[in-house]
Amino acid sequence: MGLEGKVALVTGAGRGQGRAMAVRLAEAGADVACLDIDGTVETAPYPLAGVEDLTETAQLVEKTGRRALALAADVRSQAELDEAVAQTLTDFGGLDVVVANAGIWALGAFWELTETQWTQMQDVVLGGVWRTVKAATPHLISQQSGSVVLTSSVNGLEGGPGFAHYTAAKHGVIGFMRAAAQELGPHNVRVNAICPGFMDTQMNQWPGAYDMMAGHPGGTAQDRADGAYHWSLLQGRGALPVEATADAVLWLAGDLSRHVTGVALPVDGGHLVLPGLNTAPVRP
């Protein structure tokens with residue numbers, strides 16, 4: 001995969017997709033700086049990863065035989081991200097792959113969202129991506145190489161009723177990716193995005209998510225599991241395993257995709273080619 005001796009930075013690495021990405025990159029030969037928040041985001045309706053989760057990810061990376069850093073930082077802080085990149089360069093001597101993956105998800109009709117709910121979603125999901133790439137870019141330009149992978153969503157390519165603030169932010173990630181790819185292409189730095197579908201992560205394992213998948217209050221974890229099958233075209237795919245997006249990141253990070261930039265790659269079991277279904281039509 002062309003990652004032997006390379007260095008990667010993965011945000012949102014404490015658990016879920018970020019952890020899987022960090023481990024997959026390490027298995028391919030990269031040393032990995034694993035970054036996640038040491039704190040909370042007040043509008044996130046579920047517990048975020050903590051330092052213990054981040055430490056466990058670093059240990060999983062080390063079990064592959066590669067080096068790991070556990071970096072506690074908030075993607076809402078440019079200073080903390082700048083320091084994380086500086087520490088990565090000091091400890092590992094380089095940086096070749098940047099995976100801006102950190103994010104949150106929440107629900108709410110757009111006209112009922114508070115200013116705080118809207119701004120925190122943009123600050124984490126879109127602003128955090130921009131700050132992460134901004135922190136790493138001077139080094140990538142100086143070495144005239146690198147691969148940047150951003151985590152968007154299928155909701156960066158289609159509407160998402162009931163979570164417009166998330167949908168807007170994920171659309172923004174795609175727009176930023178395309179602009180950054182244009183600006184960094186002359187420096188031989190590639191910028192791409194992945195667009196996960198319905199993933200098996202803790203982000204959608206809370207009562208509000210269960211209700212959404214059930215279509216009514218009082219939803220259960222089983223409703224979530226059953227409903228996830230409606231999101232995929234491919235046979236037998238419900239909530240997709242985190243390894244699915246980790247494999248996509250691995251491809252975009254390595255030499256096999258060396259001629260690919262500016263791409264929004266769906267990892268969604270075929271969700272985006274489904275004709276769609278209105279499960280609650282309003283009849284005359």
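Reply: First a term: two strands pair if DSSP finds at least two bridges between them. Helices (H or I, at least four residues) and strands (E, at least two) are DSSP runs, numbered from the N terminus. The model is predicted: local features need pLDDT of at least 70, side-chain atom pairs count only at pLDDT 80 or more, and totals for chains, interfaces and linings use all residues. Residues are numbered from 1 along each chain as its sequence is written, and side-chain values use heavy atoms, with hydrogens and water left out.

Me: OK. How many bridges join β1 to β2?
Reply: Five, between β1 (residues 7-11) and β2 (residues 31-36), and the two strands run parallel. Leu9 has Ala33 as its bridge partner in β2, and Thr11 has Leu35.

Me: And what is the strand order in the open sheet?
Reply: β3-β2-β1-β4-β5-β6-β7, seven strands with parallel pairing. The edge strands, each pairing on one side only, are β3 (68-72) and β7 (264-267). From one strand to the next the twist averages 15°.

Me: Which strands does α3 touch?
Reply: Helix α3 (residues 78-92) packs on the sheet against β1, β2 and β3, and its direction makes about 160° with that of β3. Contact means heavy atoms within 4.5 Å. Axes are lines fitted to C-alpha atoms, for helices over the stretch in contact, and angles run from 0 to 180 degrees between N-to-C directions.

Me: Back to β2. Is it buried or exposed?
Reply: Six of its six residues are buried. Buried is under 20% relative accessible area, exposed over 50%, and partly exposed in between (1.4 Å probe, protein chains only). Asp31, Ala33 and Leu35 point one way from β2, while Val32, Cys34 and Asp36 point the other way.

Me: What about β6, how many of its residues are buried?
Reply: Eight of the eight residues of β6 (residues 189-196) are buried, so the strand is largely enclosed by the rest of the structure. One side carries Val189, Val191, Ala193 and Cys195, and the other Arg190, Asn192, Ile194 and Pro196. Six bridges join β6 to β5 (residues 146-151), and these strands run parallel. Gly146 has Val189 as its bridge partner in β6.

Me: Switching to helix pairs. At what angle do α3 and α4 cross?
Reply: Roughly 40°, with the axes of α3 and α4 (residues 115-143) coming within 9 Å. They are therefore oblique to each other; angles under 35 degrees count as roughly parallel, over 145 as roughly antiparallel, 65 to 115 as roughly perpendicular and the rest as oblique.

Me: Which residues of α3 make the contact?
Reply: Gln78, Leu81, Asp82, Val85 and Leu89, against a set in α4 including Arg131, Lys134 and His139. By class, this contact of α3 with α4 has five nonpolar, four polar and three charged residues. Ala, Val, Leu, Ile, Met, Phe, Trp, Tyr, Cys and Pro count as nonpolar, Asp, Glu, Lys and Arg as charged, and the others, Gly among them, as polar.

Me: Last one: how do α6 and α7 cross?
Reply: At roughly 50°, with the axes of α6 (residues 207-214) and α7 (residues 221-228) coming within 8 Å. Tyr210, Met213 and Ala214 of α6 meet Ala221, Asp223, Arg224, Gly227 and Ala228 of α7.
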